[in-house]
Amino acid sequence: MISEHTNQRFQFLLENTSEGFLEIDPKGTIVTANSAAENLTGWKIEELKGTDYKSFLDCHSCLESSTKKEVILYRKIGPPCKIFWRSTPLYNEEGLIESTLCLFHSLNPTSSLPEYDPITELPNRNLFYTFLDKILASSSHYPYGVSLLIIDLEHFKRLNNTFGYAIGDKVIQKVAQRLAECIRKGTLLARTEIDEFSIVLENYDDRSSATIAKKILACLEAPFHLQDRDFYLSANIGIASTPNHAQTLGSLIKIANIALSSAKKAGRNQYQFFTPELNQKISDQIILEHHLRKAIEQNEFSLAYQPKVDVQTREIIGAEALLRWNNFELGEIPPAYFIPIAEETGFIHPLGAWVIKTCCQQSQLWQKMKIAAPQLTVSVNLSMHQLSKHNLMEMISSILEETGCPPHQLEIELTESALMNNPVQNISVLEEAKQLGLTISVDDFGTGYSCLSHLKRLPLNIIKIDRSFIQDILSDPNDAIIASTIIQLSHGLGLKVIAEGVETEEQFNFLRDKGCDFAQGFYFSKPLPFGQFAQLLSRGENAITLPV
């Protein structure tokens, strides 16, 4: 066992050596890194962690026992350079490699990161921080302090990947030129990331800073004309200032990034000032994310099931599985609050897999109890993020096989907006789902902007009318016409229709008269835990005769 004293010495050596250090697991993923590795590669330590080392090293055998060799390092900014690489594996008690310790240094004494970005000739991040630190140290006499603007370019990386770095470099040069035209001469402007610029405004009040931000967003909206074609970019800007928001370099950069994150969530071409309320919101989200990542292993999630009813017979033909989270410390947390955080952090993928597996397991328990009809389906909601995951159908197929759930008993619900986000790719995914035997439905239909030419190509089974059209269906003629039209259109395409949010007998009767196939809502039952839904099924006739 390594003592705490020894560990402190080890950490001191790592942070005070000019040699880059990486600890890499057997899969090639970086576990830890030191400051020298950050300086040599140009990537922050947080960016290095979790990255495959081969993504920036031209070396496919760098983890072999006692490796010593010259390899090429592809830095974040600037040309590739040669480094000398040494690695030593660490073995566990079973003789298996636990991790590999790696040291490296540049073979060219002058090949550490340059102070200026070679594409735009602007200061890079390191030099920008040096300049900003000096400005902050001498700004105490400014009536309005210093404002930091961080400008993030939307989808620039995609432009690079699609059209190549030659086009990307020319576009980024034009971006730098436009930004320079928006500010006074002598104002500090730097390229701090591949798709990010930073500007320091000295002695500007918030109103003046906002004017500059609007000017920047407007100038970046115009197309960039290159090689007889136009390229479009959008941007978001986070703004923080001294002394109101921060007084040190680190805190100013941190809160400007918090403001930038908020601006990006608001949509494209937005700017956002930092506020204490925004900081509290981010802090709350970080706390929630911490609990969210532990919620599955701590059995904090559960499913509630809302019946779907045949409009003509009132027979329960299925149920929608709805996720619930009851945290030991925070209590019940609404899905509308934690689902966006799960999507943003990528936790939606293991969480979605848990929902599908639990849903299949519980539906098979109803079948074994002989209280559910063989044709009863249970639906789960899939987000746009889940739909874009390359192995989604492979994962679902594996769960079906593991749980013994027949494919026709599982229904996947996707919102209209998620389907239209990337219709060509989604058609391919849904074709796989159809071949697998799943039932496919479109949720919240009528609230998005579906193109009917895409809609008719999607391999759908069911259209779900959004509750917003059902709520006032008896008092608003427009809602009544929209609901009736959706029913007729869907039937014309050979699709079934379900209405959600049915709360009264009058709404139910209207839908029945218009030929709607299925319905769900509080008129029949609220969402029920597994046991209570089983009791509902066990009534024998599998039909709901009165609202629950």
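Biologist: What share of contacts between residues at least 6 apart in sequence joins residues at least 24 apart?
Modeller: This is a predicted model, in which local features need pLDDT of at least 70, side-chain atom pairs count only at pLDDT 80 or more, and totals for chains, interfaces and linings use all residues. Residues are numbered from 1 along each chain as its sequence is written, and side-chain values use heavy atoms, with hydrogens and water left out. A contact means heavy atoms within 4.5 Å. Among contacts in the chain between residues at least 6 apart, the share joining residues at least 24 apart is 61%.

Biologist: Why do the buried residues of α5 lie on the same side?
Modeller: Helix α5 covers residues 156-163, and its buried residues are Phe156, Leu159 and Asn160. They share one side of α5 because the arc they cover around the axis, taken from the directions from the helix axis to the C-beta atoms, is only 100°.

Biologist: Which exposed residues does the other face of α5 carry?
Modeller: The buried residues of α5 pack against β6 (146-154), α6 (165-181), β7 (188-193) and β10 (229-231). The face turned away from that buried side carries Arg158, Asn161 and Thr162.

Biologist: Which residue in β14 stands opposite Ala304?
Modeller: Two strands pair if DSSP finds at least two bridges between them. Strand β13 (residues 301-310) meets β14 in the antiparallel sense over nine bridges, and the two form a hairpin with five residues between them. In β14, the residue opposite Ala304 is Leu322.

Biologist: Which residue of β16 is the bridge partner of Ala319?
Modeller: Strand β14 (residues 316-327) is mostly covered, with nine of its twelve residues buried. Three bridges join β14 to strand β16 (residues 377-382), and these two run parallel. The partner of Ala319 in β16 is Val378.

Biologist: What is the bridge partner of Trp325 in β15?
Modeller: Strand β15 (residues 331-333) pairs with β14 in the antiparallel sense over three bridges. A hairpin with three residues between the strands is formed by β14 and β15. The partner of Trp325 is Ile333.

Notes: Buried < 20%, exposed > 50% of the residue type's maximum accessible area, 1.4 Å probe, protein only. Helix = DSSP H or I, 4+ residues; strand = E, 2+ residues; numbered from the N terminus.
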